[in-house]
Amino acid sequence: MSQVFSKSPKHCAERRRFTISKSHKKLFFAFSSSLTLLLAFIFLIWLTLHPSKPQFSLTQADIYQLSLTRPSLLDSSIQLTFLSKNPNKRVAIYYDQLQAYASYKGQQITVDTSLPPFYQDHEETNLLTAFLQGTALPVAPSFGYEVGRDRIAGKIVLSLKVNGKLRWKVGSWVSGRYRFNVNCVSIIAFGPNTAPTSPLSSNRGTQCSTSV
């Protein structure tokens with residue numbers, strides 16, 4: 001006499017749940033492994049191609065005008081010459097939306113001036129010139145007094161800034177835009193014997209700080 005074994009509906013349901021749970025675990029393991037490999041690959045590329053931030057230096061600053069038309073209104077005219085260097089061997093740079101301005105003791109003394117966008121190849125150096133101006137710019141009432149003190153001290157210190165966005169280029173791949181900021185400090189001789197008609201000039205090279 002043969003025996004017939006039959007499984008109850010409860011037993012079949014439990015087995016189905018076990019099979020589904022096992023399939024989910026396999027899918028989760030496969031997904032986790034793929035994600036780990038992808039992240040490791042991206043990290044390896046980042047280690048290999050991680051770009052160094054561009055280097056800027058100020059080679060010359062000329063002040064043609066810095067005069068108060070009223071006690072709190074300033075006219076200014078300043079010309080700057082920068083060197084921009086891409087230190088990367090495998091990464092090129094697109095510079096977009098560049099703007100430069102000058103400030104004195106925390107006060108902006110020229111309007112934002114746009115510079116033309118440009119492309120910089122591997123380890124390439126470019127010369128940039130910016131002509132900054134301001135007309136009837138509001139300044140603090142103490143501005144004339146501060147300039148007079150600097151003239152007695154024999155020097156004037158300007159902060160010169162360039163802001164913009166850049167894109168990294170590796171082969172045919174181009175990244176999204178990253179904001180960058182350049183800050184330079186120029187110390188310019190400014191004494192009582194300075195001729196009023198000649199520009200105040202500094203041609204001492206100054207390394208600038210750059211943040212990306």
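Two helices and 13 strands make up the secondary structure of the protein chain. The model is predicted. Of the 212 residues in the protein chain, 31% are buried. Strand β8, residues 154–170, pairs with β3, with β10 and with β9.

**Pairing around strand β8**

- Strand β10 (residues 178–190) runs antiparallel to β8, and 13 bridges join the two.
- Within that pairing, glycine 154 has phenylalanine 190 of β10 as its bridge partner.
- Strand β3, which spans residues 92–104, is also antiparallel to β8, with 10 bridges between them.
- Asparagine 163 in β8 is the residue that stands opposite glutamine 99.
- Strand β9 covers residues 173–174 and is joined to β8 by two bridges, again in the antiparallel sense.
- Valine 174 in β9 stands opposite lysine 169.

**The β8–β9 hairpin**

- A hairpin is formed by β8 and β9, with two residues between the strands.
- Glycine 171 lies in the turn of this hairpin and has a positive phi of about 65°.

**Surface**

- The protein chain exposes about 13,700 Å², of which carbon and sulfur atoms supply 58%.
- Phe31, Leu35, Leu38 and Leu39 make a nonpolar surface patch of about 400 Å².
- One of these residues, leucine 39, belongs to helix α1, which runs over residues 9–49.

**Contacts along the chain**

- Taking contacts in the protein chain between residues at least 6 apart in sequence, 73% join residues that are at least 24 apart.

Terms used: Residues are numbered from 1 along each chain as its sequence is written. This is a predicted model: local features need pLDDT of at least 70, side-chain atom pairs count only at pLDDT 80 or more; totals for chains, interfaces and linings use all residues. Side-chain values use heavy atoms; hydrogens and water are left out. Two strands pair if DSSP finds at least two bridges between them. Helices (H or I, at least four residues) and strands (E, at least two) are DSSP runs, numbered from the N terminus. Patches are made of residues with over 30% relative accessible area and no salt bridge: like charges are joined within 9 Å, nonpolar side chains (Val, Leu, Ile, Met, Phe, Trp, Tyr) within 5 Å. Accessible areas come from the Shrake-Rupley method with a 1.4 Å probe; for residues, only the protein chains shown count as cover. A salt bridge is a side-chain nitrogen of Lys or Arg within 4 Å of a carboxyl oxygen of Asp or Glu. Buried means under 20% relative accessible area, exposed over 50%, partly exposed in between (1.4 Å probe, protein chains only). Contact means heavy atoms within 4.5 Å.
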